[in-house]
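Reader: Hello! Could you walk me through this structure, with the cut-offs behind each term?

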Amino acid sequence: MIAPLPSEPSQASSSSPQQSLYEGSSQFRHWRFSTEQLARMRYTLNEDAVSAIRNAFESDSPGSSANVSFLNADEEHLLVKLYVGKISQLCGHFRFPEEVEATAVSYMKRFYLKNTVMDWHPKNVMLTALFLATKTTNHPISLESYASHIPRTVPSDVLDLEFLVAQSLGFDFAVWHPHRALWGIWLDVQTLPDAPIEELAKAYENAVGHARAARLTDAEFVYTPSQIALACFSLASPTLASAWARSKFPSSTHPPVLDVLEPIKALILRDGSPPDVEAVREVDRRLRLCKNPEKIPGTNAYIKKQQAKERKADEKRLRKAEAARIAMEEDPFGSELAKKAVAADLDDDDDDD
């Protein structure tokens, strides 16, 4: 199931007189929320999913849902977080650049703001999100080569979900990342008077580590990339981060940008670590028992769902054929061109190659 997303951003309005490039982006317009909004969205999505899947169980076999222990929103998020962390391992294997990894992480996190793991397992979505990210960041790899380097994976495992993932993203493929803003801050810091050059490289390296940890959190949904980047730099070197902020606000004894850093830093330190493997293993075990039967080939619910889709497709073809017949009968000129157009329209519905 795909859930709708709230349309309003959680922070400043995008209609400000001096709108930044980021405020004009789809990320700002469609993927900014408050922490309360995120919690509510995940709870509502999980509640709706459990209700729909329970009905699917009952349709498949009456009474079968009574002993099923469905996942809650926190457990779903825990499982997604584990596979978000695995994206980094895959990128290391393929030697993909940082941009690909960060984009794939964002795609996967966005996908699960609209979908449930009980419909789509994170492993399959992870593979598709990463493959899609290689294309949208202009670092493409052939599907066959990609699948052949991943154990027990065939091209269809990746391709079958590609449109669903793109649709769930609202086709918003561009992502603004903190690690790029962090690079800009580092370049700026080097121009400060009396900047301790020997500390800069170490501070930047540590800050990049915090930026990568931030990908495991909800920071990108709540704060701007530049805010996250400065928070990461502050975790690595509070002195240099403060010096940079004061250089941007020379007339202020306490730059306002520093006020937002503490909650971001706390979020990264609290949630920026991979989840406990044993806890996730238990969640994954239960997922096998509560997965939507409509998504499992061979079950009665799956067969019924496919039959319903086929009936709907047949009905659509019949309606188009009837509409075409009536249109041809009502054409006083018997236009050959109209007949060809109708025939082409009917052919579009066929699945024959």
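Predicted model: local features only at pLDDT ≥ 70, side-chain atom pairs only at ≥ 80, totals over all residues.

Reader: By class, how many nonpolar, polar and charged residues does the lining of the second largest pocket have?

Author: Residues are numbered from 1 along each chain as its sequence is written, and side-chain values use heavy atoms, without hydrogens and water. Ala, Val, Leu, Ile, Met, Phe, Trp, Tyr, Cys and Pro count as nonpolar, Asp, Glu, Lys and Arg as charged, and the others, Gly among them, as polar. By class, the lining has six nonpolar, three polar and three charged residues.

Reader: Which helix supplies the largest share of the lining of that second largest pocket?

Author: A pocket is an open set of points on a 1 Å grid over the protein atoms alone, where a 1.4 Å probe fits, with protein on both sides within 12 Å along at least five of seven lines; lining residues have an atom within 4 Å of a point. Among the lining residues are Tyr83, Lys86, His93, Lys123 and Arg152. Helices are DSSP runs (H or I, at least four residues) numbered from the N terminus, and α3 and α5 each supply at least two lining residues. The largest share, five residues, comes from α3.

Reader: Which residues have the most contacts inside the largest nonpolar core?

Author: Such a core joins buried Ala, Val, Leu, Ile, Met, Phe, Trp, Tyr and Cys residues through side-chain atoms within 4.5 Å, buried meaning under 20% relative accessible area, exposed over 50% and partly exposed in between (1.4 Å probe, protein chains only). The largest core has 49 residues, and those with the most contacts inside it are Met108, Met118, Leu130 and Tyr146.

Reader: Is tyrosine 107 buried or exposed?

Author: By the aromatic rule the count comes to 12 pairs. One of them is edge-to-face, tyrosine 107 with phenylalanine 173, at 6.3 Å centre to centre and 65° between the planes. Phenylalanine 173 is partly exposed because its relative accessible area is 28%. With 0% relative accessibility, tyrosine 107 counts as buried.

Definitions and conventions. Phe/Tyr/Trp six-rings, centres within 6.5 Å; stacked < 30°, edge-to-face > 60°.
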